Amino acid sequence: MRKSIGLWLTAAWVAAVPAYAQMGAPRRDLAIGVNMGYTMNRMSFDPTIKQTWKNGITGGLSARYTCEKYFRTLCAIQMELNYANLGWKEVIETSSDTYERSIHYIQMPFLARLGWGYERKGVMAYFVLGPQIGYCIGENSKQGGDFSEETLNLRPNRVNQQYAMPVENKFDYGITGGMGLEYNSKIGHFMVEGRYYFALSDIYNNGKKDVFARSAHGTIVIKAAYLFDIIRTRK
């Protein structure tokens, strides 16, 4: 139920921006470019597994279509195609064992974007929100220590099945949103922003007989982007 509500609310937000913006001055601006950044990911496991932030990289292509200006608010739709390194890094206090899993994704966020500030030259603040889908293209792990039957049995609640479990559900979906600053110039648009991704899907099956009832990503993303204009509305 929570997943359905989240997806419907986000879809309604994305759909509402162009409709809301039709009351303002029209824009037909298309800009494309690249983005790159840093990810900090943790998994929401049930039963709980103690973790620290697992660091990785992200990067890809961005496209933004600005459709309207309503008073001082610029309304746009943004779409990206990104690679992201997610997964988890465990904090194991019962032995010298260490474990880190990297899960590699191709991701596509579909974002509604509202901006305030200088449209042509200067600084603009903006807010983005929308659904995101992803697909797991691979995974690998690093482990150290004994990883013996004795040390595995010392895990809290004896939860250690994850080490032998590959990702079962490769398709990932959720909601992402964040804020940023953009500098607009004659040679393009330079942006820095922070986002948070909340996954509504689980990487493992979550039936009554399965190990985990919940196994979802939670990701902080810090990124920079550069876009250049393909189509620009004349003043």
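Student: In strand 4, which residue is the bridge partner of Gly-59?

Tutor: Tyr-83 is that partner. This is a predicted model, where local features need pLDDT of at least 70, side-chain atom pairs count only at pLDDT 80 or more, and totals for chains, interfaces and linings use all residues. Residues are numbered from 1 along each chain as its sequence is written, and side-chain values use heavy atoms, with hydrogens and water left out.

Student: What counts as a strand, and when do two strands pair?

Tutor: Strands are DSSP runs of E, at least two residues, numbered from the N terminus. Two strands pair if DSSP finds at least two bridges between them. Here strand 3 (residues 54-70) and strand 4 (residues 73-90) run antiparallel, joined by 12 bridges. Their hairpin has 2 residues between the strands. In that hairpin, Phe-71 takes a positive phi near 55 degrees.

Student: How many bridges join strand 1 to strand 3?

Tutor: 15 bridges, with strand 1 (residues 25-46) antiparallel to strand 3. Leu-30 has Tyr-65 of strand 3 as its bridge partner. Tyr-38 stands opposite Ile-57, also in strand 3. Strand 1 pairs with strand 9 as well, antiparallel over 17 bridges. There, Met-43 stands opposite His-217.

Student: How do I read empty space?

Tutor: Rolling a probe the size of a water molecule over the atoms shows where empty space is left. On a 1 Å grid over the protein atoms alone, a cavity is a set of points where a 1.4 Å probe fits but cannot get out. A pocket is an open set with protein on both sides within 12 Å along at least five of seven lines. Lining residues have an atom within 4 Å of a point. Grid points are joined across faces, edges and corners, and a volume is the space filled by probe spheres set on the points. By this rule there are 3 cavities of 30 Å³ or more.

Student: What lines the largest cavity?

Tutor: 15 residues line it, and Asp-29, Arg-64, Thr-66, Glu-119 and His-189 lie nearest its centre. The volume of the largest cavity is about 160 Å³. Its lining has 4 nonpolar, 3 polar and 8 charged residues. For these classes, Ala, Val, Leu, Ile, Met, Phe, Trp, Tyr, Cys and Pro are nonpolar, Asp, Glu, Lys and Arg are charged, and the others, Gly among them, are polar.

Student: Which strand gives the largest share of the second largest cavity's lining?

Tutor: Strand 4, with 4 residues. The second largest cavity has a volume of about 120 Å³. Its lining has 5 nonpolar, 7 polar and 3 charged residues.

Student: What is the volume of the largest pocket?

Tutor: About 180 Å³. Its lining includes Thr-48, Glu-90, Arg-155 and Gln-162.

Student: How are aromatic pairs judged?

Tutor: Rings of Phe, Tyr and Trp (its six-membered ring) pair if their centres lie within 6.5 Å; planes under 30 degrees apart are stacked, over 60 edge-to-face, the rest tilted. The count here is 11 aromatic pairs. Tyr-204 and Phe-212 are stacked, because their ring centres are 5.7 Å apart and their planes at 20 degrees.

Student: Is Tyr-204 buried or exposed?

Tutor: Buried, at 0% relative accessibility. Buried means under 20% relative accessible area, exposed over 50%, partly exposed in between (1.4 Å probe, protein chains only). Phe-212 is buried too, at 1%.

Student: Where does the charged end of Arg-155 sit?

Tutor: Over the ring of Phe-147, 5.3 Å from its centre. The rule is NZ of Lys or CZ of Arg within 6 Å of the ring centre and within 35 degrees of the ring normal. Arg-113 lies over the face of Tyr-126, at 4.0 Å from the ring centre.
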